[in-house]
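Please keep the sequence and the model at hand while reading.

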Amino acid sequence: MAFPDEGSPVSARSEIDQAEREGADGPSGGRGAADDARGEREETYGPLGFRRYVKGDGRALILYTHGEPTDGGPVDEGPAHE
Amino acid sequence: MSEERRNELRDEPVVYAIHRQDRTFLPAREHCPLCPTRPGGEETEIPFPEFEIAVFENRFPAFEAPRGAAEVVVYTDRHDDSLGTLEPERAEALMWVWSERYEELGAREDVEYVMIFENRGVEVGVTLHHPHGQIYGYPFLPPVPRLELAADARLGGCAPCALLRRELEDGRRIVYENEALVAYIPYAARWPYEAHVMLREHRPSLLECEAGELRLLADGLQALARGYDMLFDRPFPYVMVVHQAPTAGASAGAGHLHVEFYPPLRTAEKLKYLAGSEQGAGTFVSDVLPEESAASLGEAILRAE
C-alpha cells in the first residue's frame with residue numbers, strides 16, 4: 001500500500017537532532033543536559049516537536065507538541081526543574 | 001529497584017516491585033497527579049499550566065535503569081478525555097510519540113522489548129483516571145512476545161500475516177477496516193470482546209510505518225475505543241497492548257505490529273474472571289462466541305461514528 005507524498009518515519013528525527021545524538025552519552029543524560037533540563041532546545045521527530053526536562057527528583061519529563069508549538073514556559077519556573 | 005525471579009514450573013519471570021505498593025491510588029480529581037499544574041495550585045507530575053502530550057519516568061517503576069525502563073504517557077491535559085474522544089490530530093500525534101519512545105528506549109542496551117500499553121478502568125486495576133498509557137522497557141524478552149515468535153516458526157512465516165488472511169477470508173469477525181488495518185475479534189478470542197487491530201502490511205514496528213499508516217492506525221484505535229463505549233453505553237474497561245518486534249537479542253526486528261485489546265466485560269455489568277480453568281490449566285472458557293460478539297461490537301462501532 002502506498003501513501004503518496006508521505007514519508008516513512010524510519011528516519012523521523014531531524015538531521016540536527018541526529019548530529020547532537022551522535023555526541024550524546026545516552027538517551028536521557030549527557031546530551032547538553034543543562035540545556036535539556038530547562039527545555040531550551042526543541043528536538044523534532046516526524047511532525048512532533050519536543051523538549052526534555054529533568055524533574056526535581058531527577059526523573060525525565062518530555063513534552064511533545066504537534067503542529068504549532070505552544071509556549072513551553074513552566075509554572076513559576078517550576079520548582080521541579082533543575 | 002525491582003527484583004526479578006524465575007517461576008521454574010511455568011518457565012516465566014516474576015518481577016517484585018514492592019515500592020509500587022505505595023503508589024497513588026484513585027485520588028480525587030482535584031489531586032490528579034497527571035493534570036497540568038495550575039498557577040497557585042499544587043504541583044503535579046507535569047509542572048506546566050498546559051501541555052499536549054507528556055511522557056515522564058514512572059515514579060513507581062516496575063523497571064528502571066540499568067535494568068529496563070517504565071514511563072507514563074499522558075495523552076492530554078484534559079482530565080475527562082479518553083483515547084476515543086481525543087481530537088484526531090492528537091491521536092495521530094500519540095502514534096508518533098509511541099514511535100519516538102519505542103525507538104529511543106529500544107536503542108538502550110538494557111532494554112530488549114518495548115511494550116506500550118493502556119489500562120483503562122478500575123476493573124483492570126487503574127489507579128489514575130486521567131487518560132494515559134504506560135511504556136515498559138523489559139530487560140528480557142517476556143513470555144507473550146516469545147510465544148508470538150514461536151507461532152511464526154510453527155506456522156512457517158509471519159503468524160499475524162497468516163491469521164489476518166484467514167480473518168479476511170472468513171469475514172464474520174471483522175469489526176472495522178480502513179486502508180491500513182483490519183480490526184477483528186480473533187477466531188479463538190480469549191476474552192468475549194477481545195479485538196486485534198492488525199496492520200495490513202507487514203511492519204515489524206511503528207518505525208517501519210508510513211506516515212499515512214500511523215494516521216490510519218490512530219483512526220482505527222479511536223473507532224474501536226468509541227465502539228466499545230457505545231456497546232454497553234458506559235466507559236468500557238480494557239487493557240490495550242501494542243505488540244511490536246523485540247529491539248535486541250536474537251529476535252530483534254522480528255514481529256508484526258498490531259494492537260490487542262483485552263476487555264474484561266462479558267455483559268454491561270458482568271466481568272469475565274480468570275478463574276480455575278484459566279489460571280490452573282491455561283484454558284479460557286468463554287460464554288460468548290467471537291462471531292456473536294463481533295456482530296454486536298461492529299454495530300456499536302457504526303453507531304458511534
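**Briefing on chain B**

Asp11(B) lies in the loop between β1 (3-7) and β2 (12-16) of chain B.

**Backbone features in loops**

- The phi angle of Asp11(B) is near 55°, which is a positive value in a residue other than glycine.
- Asp11(B) counts as exposed because it has 9 other C-beta atoms within 10 Å, and a residue is exposed if that number is 12 or fewer.
- Asp233(B), in the loop between α4 and β10 (238-243) of chain B, likewise has a positive phi near 55° and is not a glycine.
- Asp233(B) has 9 C-beta neighbours inside 10 Å and therefore counts as exposed.
- Ala65(B) and Pro66(B) are joined by a cis peptide bond, with omega at about 5°.
- Pro66(B) is placed in the loop between β3 (53-57) and β4 (69-74) of chain B.

**Confidence of the prediction**

- Chain B has a mean pLDDT of 96, and 100% of its residues reach 70 or more.
- For the complex, the predictor gives an ipTM of 0.95 and a pTM of 0.88.

**Overall form of chain B**

- Chain B contains six helices and eleven strands.
- The C-alpha trace of chain B spans about 60 × 45 × 45 Å along its principal axes.
- A compact globule of 305 residues would have a radius of gyration near 19 Å, and the 19 Å of chain B agrees with this.
- Of the 305 residues in chain B, 46% count as buried.
- Among contacts in chain B with a separation of 6 or more, 65% are between residues 24 or more positions apart.

- Helix α1 of chain B, residues 88-106, has 19 residues and reaches 27 Å from its first C-alpha to its last, close to the 27 Å expected at 1.5 Å a residue.
- Because 17 of the 19 residues of α1(B) are buried, this helix is largely enclosed by the rest of the structure.
- The largest nonpolar core has 87 residues, and those with the most contacts inside it are Leu94(B), Val97(B), Val175(B), Leu181(B), Ala183(B), Ala195(B) and Leu224(B).
- Helix α4 of chain B, residues 211-231, supplies the largest share of this core, namely ten residues.
- Beyond its neighbours within four places in sequence, Leu181(B) is in contact with Val197(B), Met198(B), Leu199(B), Arg200(B), Leu216(B), Leu217(B) and Gly220(B).

**Strand β3 of chain B and its partners**

- Four of the five residues of β3(B) are buried, so the strand is largely enclosed by the rest of the structure.
- Within chain B, four bridges join β3(B) to β4(B), and the two strands run antiparallel.
- Ala54(B) has Val74(B), in β4(B), as its bridge partner.
- Strand β3 of chain A, residues 60-66, is joined to β3(B) by four bridges, and these strands also run antiparallel.
- In this pairing of the two chains, Tyr64(A) stands opposite Ile53(B) of β3(B).
- In a regular strand, side chains alternate between the two faces of the sheet.

Note on methods: Residues numbered from 1 in each chain as written. Chains lettered and ligands numbered in written order. Predicted model: local features only at pLDDT ≥ 70, side-chain atom pairs only at ≥ 80, totals over all residues. Expected span 1.5 Å × (residues − 1). Buried ≥ 20, exposed ≤ 12 C-beta atoms within 10 Å, placed from the backbone. Rg over C-alpha atoms; globule rule 2.2 N^0.38 Å. Contact = placed C-beta atoms within 7 Å. Core = buried A, V, L, I, M, F, W, Y, C linked by C-beta atoms within 7 Å. pLDDT = per-residue confidence, 0-100. Pairing = 2+ DSSP bridges.
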